[in-house]
Amino acid sequence: MEIEGKVKVIGETKTFGNNGFRKRELVVTTDEQYPQHILIEFVQDKCDLLNGYAVGQDVKVSINLRGREWTNPQGEVKYFNAIQGWRIENVTQAQPEGMPPVPPMEAFEPADNINDEDHDDLPF
């Protein structure tokens with residue numbers, strides 16, 4: 001599965017336990033009518049995939065859904081879900097089809113040859 005959106009948060013890599021388990025969190029905000037802030041975990045060697053990214057970038061993240069079962073000391077069974085990222089890539093905003101690219105503002109120069117005495121037939 002994939003999630004596309006804008007990077008909102010890139011967390012620091014955290015290490016847990018004696019065996020050095022590493023985890024890094026990324027929050028991506030989707031671009032839809034009701035934007036969602038999706039927390040995605042990158043673990044172990046995948047933590048380093050986030051090094052070249054910054055807040056505000058548009059990205060596409062390949063994910064897996066993970067679930068696990070846990071029994072607490074009172075014997076109650078609980079279930080937890082996680083979204084794990086395994087690939088991330090930069091997405092450039094494409095122009096809508098059929099639309100020419102907009103020139104930069106510097107390409108537009110103010111008109112300096114306007115003559116107020118010229119007659120035009122515009123009704124406004």
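1. Lysine 23 is partly exposed, its relative accessible area being 22%. Its partner in a salt bridge is glutamate 41, with a distance of 3.4 Å from N to O. The two residues belong to distant parts of the chain: lysine 23 lies in strand S3 (residues 21-29) and glutamate 41 in strand S4 (residues 37-43), 18 residues apart. The model under review is a predicted one.

2. Glutamate 41 has a relative accessible area of 16%. This residue is classed as buried because its value falls under the 20% limit. Lysine 23, at 22%, is instead partly exposed, because its value lies between the 20% and 50% limits.

3. The pairing of lysine 23 and glutamate 41 should be read together with a further residue. Lys23, Glu25 and Glu41 are linked in a network of salt bridges. Over the whole structure, the search finds 5 salt bridges.

4. A salt bridge also joins the side chains of lysine 6 and aspartate 58, at 3.3 Å from N to O. Aspartate 58 is buried, with a relative accessible area of 16%, whereas lysine 6 is partly exposed at 39%.

5. Arginine 87 and glutamate 89 form another salt bridge, in which the closest N and O atoms are 3.8 Å apart. Arginine 87 is partly exposed, with a relative accessible area of 38%. Glutamate 89 is likewise partly exposed, at 30%.

6. The second largest pocket holds about 180 Å³ of space. Its lining consists of Glu41, Arg66, Gly67, Arg68, Phe80, Asn81, Ala82 and Gln84. Strand S5 (58-71) and strand S6 (77-90) are the elements that give two or more residues to this lining. The most comes from S6, which gives 4 residues.

7. How do the residues of this lining divide into nonpolar, polar and charged? There are 2 nonpolar, 3 polar and 3 charged residues. Glu41 is one of the lining residues, and this glutamate also takes part in the salt-bridge network with Lys23 and Glu25.

Terms used: Residues are numbered from 1 along each chain as its sequence is written. This is a predicted model: local features need pLDDT of at least 70, side-chain atom pairs count only at pLDDT 80 or more; totals for chains, interfaces and linings use all residues. Side-chain values use heavy atoms; hydrogens and water are left out. On a 1 Å grid over the protein atoms alone, a cavity is a set of points where a 1.4 Å probe fits but cannot get out, and a pocket is an open set with protein on both sides within 12 Å along at least five of seven lines; lining residues have an atom within 4 Å of a point. Grid points are joined across faces, edges and corners, and a volume is the space filled by probe spheres set on the points. Ala, Val, Leu, Ile, Met, Phe, Trp, Tyr, Cys and Pro count as nonpolar, Asp, Glu, Lys and Arg as charged, and the others, Gly among them, as polar. A salt bridge is a side-chain nitrogen of Lys or Arg within 4 Å of a carboxyl oxygen of Asp or Glu. Buried means under 20% relative accessible area, exposed over 50%, partly exposed in between (1.4 Å probe, protein chains only).
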